[in-house]
Amino acid sequence: MNDKTLLYQITETSEYMMSFVLVTKADNVIIIDGGRPEDMPLLKKYVGGRHISAWILTHAHPDHISGFIAEYNRNRLADFDIERVYYHFPPYEELKERTDVPDLKYFQRELNETLPGFLEIEPEIADIAHIVRQGESLDIDECHIEFIYTYHDGLFSNLMNDSSLVFSITTPQKKVLFLGDLGPEGGDVLYEESRHLLKADIVQMAHHGHMNVGMEVYAAVMPEACLWCCADWLYNEPEIPSYLQNREKLRRMQRERMYGTTVTRRWMEILGVKTHYVTKDGTNVIEL
Ligand SMILES: [Fe+2]
């Protein structure tokens, strides 16, 4: 038995990614995402061969789940003792026929980037896979997990990010809210449906802190601490980053209300948050 519940926010080996390992008092593990193939050695170090009660995959983007897929293809995930994998990805077969989207090229690129690679291995992991429904909850040792948001049809200007799972993990002491890579439109839906569920002590900043949910979501959370999965270049990016300079193009793609990390950091200042855990500083250990 451990005397504390510890959350490891793992630093990136790749350019950017998201990876968390929670170790319960009974020494079981919850993994969230894990990052890319090059992030796997550090993930394994923090898992330390423990039993993985839950591996939660937030959404089908390479900086979140390509490590998981690569580990399956390398040796059938032999280095991990996994009880259950939780996810809810968009319906590929249905979406690949859709053309009623703001930017078809972008939409199809998003759809085909990582999801097909997961669908290839999905039948092989069927015995440990669980497709999450919104509103579902589960308990792992002292951790209560509530799934607050899953994929919504029609959010097509930011397809994969807006399909992110949003969930809270509550221990007897702390509540942490994970927002995955949710963007502005997904954030609107989350706020409208579930703002009463968002209050938490700690929040994982959506989409690495930029092009993310609006300030009203964070105001509903009112966190005391923020988790930023941000390498230095991402945490300290210019106030108006180069990828946001062509506003006309963004409007055409219906990718509006996108801001850089600097703006989000200012929101957190306004909300009075004093504690920031940033992966640029290394792997952070947070007691829950
Ligand atoms: Fe991401």
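Relative accessible area over 50% counts as exposed, under 20% as buried, and values in between as partly exposed. The model discussed here is predicted.

Q: Is Arg76 buried or exposed?
A: Arg76 sits in the loop between α2 and β5 (81-82). Its phi is positive, about 60°, although Arg76 is not a glycine. The cut-off for exposed is over 50%. Because its relative accessibility is 54%, Arg76 counts as exposed.

Q: Which residues coordinate the iron ion?
A: In sequence the donor residues follow the spacing D-H-x116-D-x26-H. The coordinating atoms are OD of the aspartates and NE2 of the histidines, at 2.0 to 2.1 Å. The residues are Asp63, His64, Asp181 and His208.

Q: What is the arrangement of the four donor atoms around the iron ion?
A: A tetrahedral assignment needs all angles between 85 and 135 degrees. The donor atoms here subtend angles of 82 to 156°. The arrangement is therefore irregular.

Q: How many residues apart in sequence are the parts that Asp63 and Asp181 tie together?
A: Asp63 and Asp181 are both donors to the iron ion, and both are buried. Asp63 lies in helix α2 (residues 62-75), whereas Asp181 lies in the loop between β11 (175-178) and α6 (184-194), so the pair ties together parts whose separation in sequence is 118 residues.

Q: Which element gives the most residues to the lining of the largest pocket?
A: The largest pocket holds about 540 Å³ of space. Of its 23 lining residues, the closest to the centre are Tyr16, Tyr106, His207, Met211 and Arg255. The elements giving two or more residues to this lining are α2, α4 (104-113), α8 (232-235) and α9 (247-252). With four residues, the largest contribution comes from α4.

Q: What do the buried residues of α6 pack against?
A: The buried residues of α6 are Pro184, Glu185, Gly186, Gly187, Val189, Leu190 and Ser194. They pack against β9 (143-149), β10 (166-170) and α7.

Conventions:
Residues are numbered from 1 along each chain as its sequence is written. This is a predicted model: local features need pLDDT of at least 70, side-chain atom pairs count only at pLDDT 80 or more; totals for chains, interfaces and linings use all residues. Side-chain values use heavy atoms; hydrogens and water are left out. Donors are N, O and S atoms within 2.8 Å of the metal (3.2 Å for Na, K and Ca); water is not among the atoms, so sites may look incomplete. Four donors count as tetrahedral if all angles lie between 85 and 135 degrees; four count as square planar and six as octahedral if opposite donors are over 155 degrees apart and all others between 65 and 115; anything else is irregular. Buried means under 20% relative accessible area, exposed over 50%, partly exposed in between (1.4 Å probe, protein chains only). On a 1 Å grid over the protein atoms alone, a cavity is a set of points where a 1.4 Å probe fits but cannot get out, and a pocket is an open set with protein on both sides within 12 Å along at least five of seven lines; lining residues have an atom within 4 Å of a point. Grid points are joined across faces, edges and corners, and a volume is the space filled by probe spheres set on the points. Contact means heavy atoms within 4.5 Å.
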